[in-house]
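Let's take a friendly walk through a protein chain and see how its parts meet. Have the sequence and the 3D view ready as you read.

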Amino acid sequence: MGTHLTKAVIPAAGLGTRFLPATKAMPKEMLPVVDKPAIQYVVEEAVDAGLNDVLVVTGRNKAAIENHFDRVTELESTLEQKGKGDMLRVVNESTALAEMHYVRQGDPLGLGHAVLRAKMHVGHEPFAVLLGDDIIDARDPLLSRMLEVQVARSATVIALMEVDPSMTHLYGVASVEATDEDDLVRVTGLVEKPEQGTSPSNLAVIGRYVLQPEVFEILENTPPGKGGEIQLTDALLTLADDVSIAGGVYGVVFSGRRYDTGDKLDYIKAIVQLAAERDDLGPELRPWLKGFVAGL
């Protein structure tokens, strides 16, 4: 890829309260999207972009995440003995995906605090942050484009997506200036979940970031914001306000396929969309869906 970036950070310490009772004993990141847990899609995206060193920031009751990316020798042996090579291959894929590391967040003090927990692992190099609520379709690369911009501009890069103006109050929203590249803007400001009618644009921040290491010092000195949490948005605003710190902040405007698994309805939509497009499931699922909808 021609980039020196190697590390990705995946915050996965949240309680998943929107999916209770399913997440009472199961991490929300392990909820299946068709036949893979959501977090595996995110790790695969990082690896496809050339980031093979993955740190997952976890919390209590998240051991299932580590187990998923570890070997299960009993299962592997059973599948091999029964000649189930295809199943064995699928099991081994998750084990060999990346060099996986884990650190606990401890206190649930927000996304900025979770990113700060990666400081010792990341060191003094730029790194990517991928949120598990957003699954980006592998056919529409986003992260690789963001990494290209980071290398070219030596700056922080965030992912933006146009949303309906009536929905901006659900997102962090960016104020931007145009650049000489169609899909790239310079971020001049950020507002977290602006009140209806006050949004500076309809460009919402989605869950992909490529951050300069200077963000750690800023986060260490960022007081708690909304909800008593350390907000990554506040640190990004500091970087956007002063380009001399680390080159400013740019936004890649993404127009591809994104599956939001952050709430129940969108999670169901994501499963249906991905399953309907698969060669092994789509041919039977699509006609059934048509018939089901017609009968409503």
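Here is a short tour of the domains, their interface and a few salt bridges.

This is a predicted model, in which local features need pLDDT of at least 70 and side-chain atom pairs count only at pLDDT 80 or more, while totals for chains, interfaces and linings use all residues. Residues are numbered from 1 along each chain as its sequence is written, and side-chain values use heavy atoms, with hydrogens and water left out.

**Two domains**

The chain splits into domain 1 (7–262) and domain 2 (264–295), with bounds that come from an automatic or database domain assignment. Taken over C-alpha atoms, the centres of the two domains lie 26 Å apart. The UniProt record, an unreviewed entry, lists residues 7–275 as "domain: Nucleotidyl transferase"; such positions are given in the numbering used here, feature names are shortened, and annotations may be inferred rather than shown by experiment. Over residues 7–275 the chain is 33% helix and 25% strand, where helices (H or I, at least four residues) and strands (E, at least two) are DSSP runs numbered from the N terminus.

**Where the domains meet**

Contact (heavy atoms within 4.5 Å) joins 14 residues of domain 1 to eleven residues of domain 2. Together the domains bury about 1,100 Å², 63% of it on carbon and sulfur atoms. Buried area is the accessible area (1.4 Å probe) that two parts lose on being put together, summed over both. Phe19, Val34 and Tyr259 supply 43% of the area that domain 1 buries against domain 2, more than any other three residues.

The rule also finds two salt bridges across this interface. A salt bridge is a side-chain nitrogen of Lys or Arg within 4 Å of a carboxyl oxygen of Asp or Glu.

**Salt bridges in the whole structure**

How many salt bridges does a search of the whole structure find? The search gives 23, including these two:

| Salt bridge | N to O distance |
|---|---|
| Glutamate 277 and arginine 139 | 2.4 Å |
| Glutamate 220 and lysine 119 | 2.8 Å |

The pair of glutamate 220 and lysine 119 links distant parts of the chain, 101 residues apart. Glutamate 220 is in helix 8 (residues 215–220), and lysine 119 is in helix 6 (residues 119–122).

**A look at histidine 4**

Histidine 4 sits in the segment before strand 1 (7–11). Not counting residues up to four places away in sequence, histidine 4 touches Glu125, Pro126 and Gln150.
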